[in-house]
Amino acid sequence: MSFIFFSLPDCTRAAEQLKNNPRHKSYLEQVSLRQLEKLFSFLRGYLSGQSLAETMEQIRRETTIDPEEDLNKLDDKELAKRKSIMDELFEKNQKKKDDPNFVYDIEVEFPQDDQQQSCGWDTESADEF
């Protein structure tokens with residue numbers, strides 16, 4: 001099994017191969033692909049001599065979205081990876097009907113500041129365009 005770590009620098013591909021292997025499929029059904037990718041990242045870091053802290057920092061950078069990053073400048077593969085991270089975060093934070101804290105219709109009153117800032121784009125009439 002150690003040949004996978006050296007021959008596949010891409011942890012995603014290694015995780016997919018492991019998850020889809022017929023011998024391991026029944027054991028890994030409940031394990032997400034993202035968890036397997038993190039496991040392979042930890043193993044890759046360990047085998048390359050990184051400390052646990054370095055590996056964890058690298059994984060954190062790879063699995064979080066930088067809000068300042070311009071996603072328009074990414075290639076298709078990197079954009080798909082970022083979208084996958086966003087989808088996973090959405091699923092994790094989503095409240096479903098079966099959740100104990102689920103509330104169907106939430107009404108929130110936002111505080112009104114005395115000094116509201118006006119936006120120029122919404123004050124012009126439609127005739128001016």
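Which residues does Thr-55 touch, not counting residues up to four places away in sequence? Select Thr-55 together with Ser-41, Phe-42, Gly-45, Tyr-46 and Gln-50, which are the residues that Thr-55 touches beyond that limit, where contact means heavy atoms within 4.5 Å. This is a predicted model, in which local features need pLDDT of at least 70 and side-chain atom pairs count only at pLDDT 80 or more, while totals for chains, interfaces and linings use all residues. Residues are numbered from 1 along each chain as its sequence is written, and side-chain values use heavy atoms, with hydrogens and water left out.

Thr-55 lies in helix 5, residues 52-63 (helices are DSSP runs of H or I with at least four residues, numbered from the N terminus), and it has a relative accessible area of 3%, so it counts as buried (under 20% relative accessible area, with a 1.4 Å probe and protein chains only).

Next, show helix 4 beside helix 5: their axes, lines fitted to C-alpha atoms over the stretch in contact, come within 9 Å and cross at roughly 140 degrees. On the 0 to 180 degrees scale between N-to-C directions, the two helices are therefore oblique to each other, a class left over once angles under 35, over 145 and from 65 to 115 degrees are set aside.

Finally, select Cys-11, Ala-14, Ala-15, Leu-18, Leu-28, Leu-36 and Phe-40, the largest nonpolar core (buried Ala, Val, Leu, Ile, Met, Phe, Trp, Tyr and Cys residues joined through side-chain atoms within 4.5 Å). Helix 2 gives the most to this core, with four residues.

Definitions and conventions:
Buried means under 20% relative accessible area, exposed over 50%, partly exposed in between (1.4 Å probe, protein chains only).
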